[in-house]
Amino acid sequence: MEPDSKKHNAIEKALTILSLFSPYNQELSTSEISKILGYHKATISRTILLLTKYGFLEQNRENRKFTLGPSIAVLSLSFNRSLENRLTQMAKPYLDKLRDVIRETIVLEVLSGRTTVRAYFVEGPGPLNMTGTAGDRLPINAAAGAKSILAHLDPDTWDYYLDNDLPQQTPSTITDLNKFKKQLRKIKTEGIAFDAGELDPDVRAMGAPIFDAEGMPVAAVVAVGLAGHFEMHKKSRMAVQVKKTAKEISEQIKKAEK
Amino acid sequence: MNRVKSLAISSGYGASSGLNRSDSSVFFTEEMDLASKAGMKTESSMDKRIEKHNAIEKALVILGQFAINNQELSTMEISKMLGYHKATASRTLLLLKKHEFLEQNEQTKKFKLGPAIMNLGLSINKSLKNNLIQIAKPYLDKLRDTLQESITLEVLSGRNTLMAYIAEGPRRIRLGADVGMFLPSIATAGAKAILAFISPDEWDAFLGSDLIRFTPKSITDRKLFYKQLERIKETRIAFDIGEHDPDLNAIGSAIFNIEGIPVAAVVVVGLASRIGDELNSKEANEVKKTAECISKRLYHIDHVPDSLWDWLESINVEGEFS
């Protein structure tokens, strides 16, 4: 929780209250919200009344607690559809082909805010598979796709995406900001980013960036799989294929924009 | 600024007396059009007279503008659409961005929905999925009372039909099924109602090798079965006429989630002498109506509405349970 949340104005309080409703916190009462955020109960009641009126929250009649409401459902549907529509439709055939060539799970990561989102996910043919679905958000300092996108953004903007404390996911996660920036520079020259068990100790991934018509990195093609299947080298067969697919999709986007 | 405000009010209430046509009327017509597109016209329980909006309401109304297809909108466009002062719109948009409800295209400076919306979306979808039975139960119980027959909530599970909930009918002869029971069939009224709305490319995979013969009336011919599914897709009503038990008939209709995926089916099951095979029977109509109510409760959208607020009013399902 933000330390200055008590200083928030009315709008920020409303947004902070909404943001409390996570998949693990689906129902909250006024007093629970008050306890978590430290806002005055009267403020919360007034805010919740408005959120409910506009369909952002809904009250469960039995226990008087609140849940997210229909407006959120529609906004998220709209968000997901626009993610799918633009890039995914264009990239899909290339990603499916890549899966058939390298026989591993392929993910399309799309930059959204300060993290990346799995916009498309095609499972590898092996008996063991990576968990995850479209819509998952990934930490920007560990996911291969996120790293490959970040590396190709203007270094001046890096600090916007990175906090001073990079979250530790596994013992292999890079948490030192300077060390991480050094890795980003290397990724930019090699054109491929590796995740050496930085999200999950048993899982490896490699990703290459997709550029939009203006040359901005907006997404990444990522191959994910068990550590034993991956040769973590920029010249490995898999790395070459991943890079090739990312390039093909970028060219397709450029063509479509013309 | 007054001009814009009075305009939005008048387009909201259909009264033109408040209009002040002091200068360019061309500009006015355009704004009127935008304001009505922005969904300011429907008024009932929700008071959207914008001059009365406080800061929070303005933020929510602005977010609502992105609901229909997450179009990219500039500060100017938002300000025009809603009749908010440009400074107010700008301040509010930046706060929405700060909390990641919106994100900004750095090149065009336009806004679109941000990752916070997606997080909340994951949360609400998970909750709707996990609470399907609780959400459906009051509607199913009411249907049982209306029809005086047993009502089941059925879902597809592999090649089986799973009974997720049963509202036991009041008659002396009861259904020999329990909640959690699998029917080893893909041809029940519930399964057919659901399957009809799954892509035909996947039908073969769902069916497996062969359709099972339970009674002489069971449909075992694949072509015939697929033809029936196509018909169900048109009518939204599936029948089981003695196909699993010679004495029992059933009528089912699918429930859809917000993405239009058929997640379950409402089914009435009863003696063949009571449940017929007519599309227009009271039973068929009531089953279909109940499935539609539950779908609405899961925020299923039939037609993409022009405004979030119009849609909100349309899903205000029959007061009672919503």
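Reply: Go ahead. Keep in mind that this is a predicted model.

Me: Why is helix 1 of chain A called roughly perpendicular to helix 3 of chain A?

Reply: Look at the crossing angle. The axes of helix 1 (residues 10-19) and helix 3 (residues 41-53) of chain A cross at roughly 75° and come within 10 Å. Angles of 65 to 115 degrees count as roughly perpendicular. Therefore helix 1 of chain A is roughly perpendicular to helix 3 of chain A.

Me: How do you know which residues of these two helices meet?

Reply: Contact means heavy atoms within 4.5 Å. By that test, A:Lys13, A:Ala14, A:Ile17 and A:Leu18 in helix 1 of chain A meet A:Thr43, A:Ile44, A:Thr47 and A:Leu51 in helix 3 of chain A. The residues of this contact divide into five nonpolar, two polar and one charged. Lys counts as charged, and A:Lys13 is among the helix 1 residues here.

Me: What makes helix 3 of chain B roughly perpendicular to helix 5 of chain B?

Reply: Again, the angle. Helix 3 (residues 55-64) and helix 5 (residues 86-98) of chain B have axes that come within 10 Å and cross at roughly 75°. The range for roughly perpendicular is 65 to 115, so helix 3 of chain B qualifies against helix 5 of chain B. On the helix 3 side, B:Lys58, B:Ala59, B:Ile62 and B:Leu63 take part. Helix 5 of chain B brings B:Thr88, B:Ala89, B:Thr92, B:Leu93 and B:Leu96. The contact residues divide into six nonpolar, two polar and one charged.

Me: Why are strand 5 and strand 6 of chain A said to stand at the edges?

Reply: Start with the order. The six strands of this open sheet in chain A run 5-4-3-8-7-6, with antiparallel pairing. Strand 5 (137-138) and strand 6 (193-196) each have a single partner strand, so one side of each is left without a neighbour in the sheet.

Me: How do you know that strand 3 and strand 4 of chain A pair?

Reply: Count bridges. Pairing needs at least two. Strand 3 (residues 105-112) and strand 4 (residues 115-122) of chain A share seven, in the antiparallel sense. Therefore they pass. As one example, A:Ile106 has A:Val122 in strand 4 as its bridge partner. Helix 5 (residues 144-151) of chain A packs on this sheet, touching strands 3, 4, 6, 7 and 8.

Me: What makes strand 3 and strand 8 of chain B a pair?

Reply: Five bridges join strand 3 (residues 150-157) and strand 8 (residues 262-271) of chain B, in the antiparallel sense. The cut-off is at least two, so the pair stands. B:Ser150 has B:Val269 in strand 8 as its bridge partner. The open sheet of chain B has the order 5-4-3-8-7-6. Strand 5 (182-183) and strand 6 (238-241) of chain B stand at its edges.

Me: What makes a set of residues a nonpolar core?

Reply: Members are buried, which means under 20% relative accessible area. They are joined through side-chain atoms within 4.5 Å. The largest core has 90 residues, and those touching the most other members are A:Phe21, A:Ile33, A:Phe56, B:Phe101, B:Leu153 and B:Val266. Helix 7 (residues 132-147) of chain B gives the most to this core, with seven residues. A second, separate core has 28 residues, B:Ala196 and B:Leu211 among them.

Methods
Residues numbered from 1 in each chain as written. Chains lettered and ligands numbered in written order. Predicted model: local features only at pLDDT ≥ 70, side-chain atom pairs only at ≥ 80, totals over all residues. Heavy atoms only, no water. Buried < 20%, exposed > 50% of the residue type's maximum accessible area, 1.4 Å probe, protein only. Helix = DSSP H or I, 4+ residues; strand = E, 2+ residues; numbered from the N terminus. Axes fitted to C-alpha atoms, helices over the stretch in contact; angles between N-to-C directions. Parallel < 35°, antiparallel > 145°, perpendicular 65-115°, else oblique.
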